[in-house]
Amino acid sequence: MNKNYTLYGCVGGKDFKINKQFKSRDKAIDYALMMLPLCSQVEEEIEIKSNVIEYKCNDYTRFTVSRA
């Protein structure tokens, strides 16, 4: 069974959703960190529900990775 992950979040008060499927959670996180401002660092991980994790960054940026 293939597991795919989706990525969405909020940067500067603007919501975003990436129209791309990722093969692993780590690849989705790496992509998010590449796209966010350079000063963004993950400060907290919050498990919303099973297979849905929100990552809060130091600059009021947040993104969520969920298994599709």
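## Close-up legends: sheet, helix and core

View A. Phenylalanine 22 is buried, with a relative accessible area of 4% (buried means under 20%, exposed over 50%, partly exposed in between; 1.4 Å probe, protein chains only). This is a predicted model, in which local features need pLDDT of at least 70, side-chain atom pairs count only at pLDDT 80 or more, and totals for chains, interfaces and linings use all residues. Residues are numbered from 1 along each chain as its sequence is written, and side-chain values use heavy atoms, with hydrogens and water left out. The structure holds 2 aromatic pairs (rings of Phe, Tyr and Trp, the last by its six-membered ring, with centres within 6.5 Å; planes under 30 degrees apart are stacked, over 60 edge-to-face, the rest tilted). Phenylalanine 22 pairs with tyrosine 31: the ring centres are 5.3 Å apart and the planes meet at 50°, so this pair is tilted. Tyrosine 31 is partly exposed, at 21% relative accessibility. Tyrosine 55 and phenylalanine 63 form a stacked pair, because their planes lie at 20°, with centres 5.1 Å apart. Tyrosine 55 is buried at 3% relative accessibility. Phenylalanine 63 is buried too, at 0%.

**View B. The nonpolar core.** The largest core has 13 residues (a core is a set of buried Ala, Val, Leu, Ile, Met, Phe, Trp, Tyr and Cys residues joined through side-chain atoms within 4.5 Å). Leu7, Phe22, Ile29, Tyr55, Phe63 and Val65 touch the most other members. Two or more residues come from each of strand 1, strand 2, helix 1, strand 4 and strand 5 (helices, H or I of at least four residues, and strands, E of at least two, are DSSP runs numbered from the N terminus). Which residues does tyrosine 55 contact, leaving aside its neighbours within four places in sequence? They are Arg25, Ile29, Val42, Glu44, Glu45, Thr61, Arg62, Phe63 and Val65 (contact means heavy atoms within 4.5 Å).

**View D. Strand 1 and its two partners.** Strand 1 spans residues 5-11, and 5 of its 7 residues are buried. Strand 1 pairs with strand 2, residues 14-22, in the antiparallel sense over 6 bridges. Here tyrosine 5 has phenylalanine 22 as its bridge partner. The hairpin of strand 1 and strand 2 has 2 residues between the strands, and glycine 12 takes a positive phi near 55°. Strand 1 is also joined to strand 5, antiparallel, by 6 bridges. Threonine 6 stands opposite serine 66 of strand 5.

**View E. Strand 4 and its hairpins.** Strand 4, residues 52-57, is mostly covered, with 5 of its 6 residues buried. Strand 3, residues 42-49, pairs with strand 4 in the antiparallel sense over 6 bridges. The hairpin between them has 2 residues between the strands, with asparagine 51 at a positive phi near 70°. Strand 4 also runs antiparallel to strand 5, residues 62-67, joined by 5 bridges. Lysine 56 stands opposite arginine 62 of strand 5. The hairpin of strand 4 and strand 5 has 4 residues between the strands, and tyrosine 60 takes a positive phi near 65°.

**View F. Glutamate 54, a charged residue name in a covered strand.** Glutamate 54 is found in strand 4. Is glutamate 54 buried or exposed? Glutamate 54 counts as buried because its relative accessible area is 14%. Isoleucine 46 stands opposite glutamate 54. Beyond residues up to four places away in sequence, glutamate 54 touches Glu44, Glu45, Ile46, Ile48, Arg62, Phe63 and Thr64. A polar contact of 3.2 Å joins the side chains of glutamate 54 and arginine 62 (a pair of N or O atoms within 3.5 Å; within protein, one must be able to donate a hydrogen and the other to accept it, and residues adjacent in sequence count only if both atoms are side-chain atoms). Glutamate 54 and serine 66 are 12 residues apart in sequence and 8.6 Å apart in space, C-alpha to C-alpha.

Technical notes. Pairing = 2+ DSSP bridges.
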